[in-house]
Amino acid sequence: MFGAIPLLIVPFVLYNLGLLGIFGGGDDPWASELVSIRMMSGGVFSLTLGDLIVLIGLILFFVEIVKSTRTTSASIMDHLLSTFVFVAFLVEFLLVKGAAHSVFFTLMVIALVDVLAGFSVSMRAATRDINMN
């Protein structure tokens, strides 16, 4: 049952927790710097909270793509729930002031690609399961 839960709900929830002020106050909690490393080239690599949440979203997106290769009845429910997660992203992006941010937009596009890729991979895998005599 838990295998059907779309993992991209995690960055969605994390972003909304950030809007509530869990990760710090201020106008843009996603710009707060988490790590700053001086590179051998002399440049400075800095990782912000927004970068981290997008990275988490990309890692979970990879897991979702791997999950979409299954051809079980649970995969249909997984695709349906992934579609609901994308719709939640879209509605929040359009209606919530704090969601009008590039981090949220990037997570929304990741959710859209998850929905499209999930259905595409499932349809492709389903055609291979059909045997013609």
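Student: Over residues 75-96, what share of the chain is helix and what share is strand, and how far apart are the end C-alpha atoms?

Tutor: First, the basis. This is a predicted model: local features need pLDDT of at least 70, side-chain atom pairs count only at pLDDT 80 or more, and totals for chains, interfaces and linings use all residues. Residues are numbered from 1 along each chain as its sequence is written, and side-chain values use heavy atoms, leaving out hydrogens and water. Helices (H or I, at least four residues) and strands (E, at least two) are DSSP runs, numbered from the N terminus. Now your span: residues 75-96 are 95% helix and 0% strand, with 31 Å between the end C-alpha atoms.

Student: Which residues does UniProt mark as "transmembrane region"?

Tutor: UniProt positions are given in the numbering used here, feature names are shortened, and annotations may be inferred rather than shown by experiment. The unreviewed UniProt entry lists 7-24, 44-63, 75-96 and 102-123. In the model, residues 102-123 are 100% helix and 0% strand, and their end C-alpha atoms lie 31 Å apart.

Student: How many salt bridges does the structure hold?

Tutor: Start with the idea. Side chains of opposite charge can pair when their charged atoms come close. The criterion is a side-chain nitrogen of Lys or Arg within 4 Å of a carboxyl oxygen of Asp or Glu. The structure holds two such bridges. K67 pairs with E64, with the closest N and O atoms 3.1 Å apart. K67 also meets D78, at 3.8 Å from N to O. K67 lies in helix α2 and D78 in helix α3 (residues 73-95), so this pair ties together parts eleven residues apart in sequence. Together, E64, K67 and D78 form a linked network of salt bridges.

Student: Where do K67 and E64 sit relative to each other?

Tutor: An α-helix has 3.6 residues a turn, so residues three or four places apart point the same way. Here, both K67 and E64 belong to helix α2 (residues 49-67), and they are three residues apart, about one turn of the helix.

Student: Are K67 and E64 buried or exposed?

Tutor: Buried means under 20% relative accessible area, exposed over 50%, partly exposed in between (1.4 Å probe, protein chains only). K67 counts as buried because its relative accessibility is 13%. E64 is buried too, at 1%. D78 is also buried.

Student: What does S82 touch?

Tutor: Contact means heavy atoms within 4.5 Å. Leaving out residues up to four places away in sequence, S82 touches P6, E64, D114 and V115. S82 is in helix α3. It is buried, with a relative accessible area of 5%. S75 is in helix α3 as well, and S75 is buried at 5%. S75 and F119 are 44 residues apart in sequence and 9.6 Å apart in space, C-alpha to C-alpha.

Student: Which residues of helix α1 are buried?

Tutor: In α1 (residues 9-19), they are P11, F12, Y15 and G18. They cover an arc of only 125° around the axis, which puts them on the same side of α1. The arc is that of the directions from the helix axis to the C-beta atoms. Just after α1, G21 takes a positive phi of about 95°.

Student: Where does L20 lie, and is L20 buried or exposed?

Tutor: L20 lies in the loop between α1 and β1 (33-38). At 69% relative accessibility, L20 counts as exposed.
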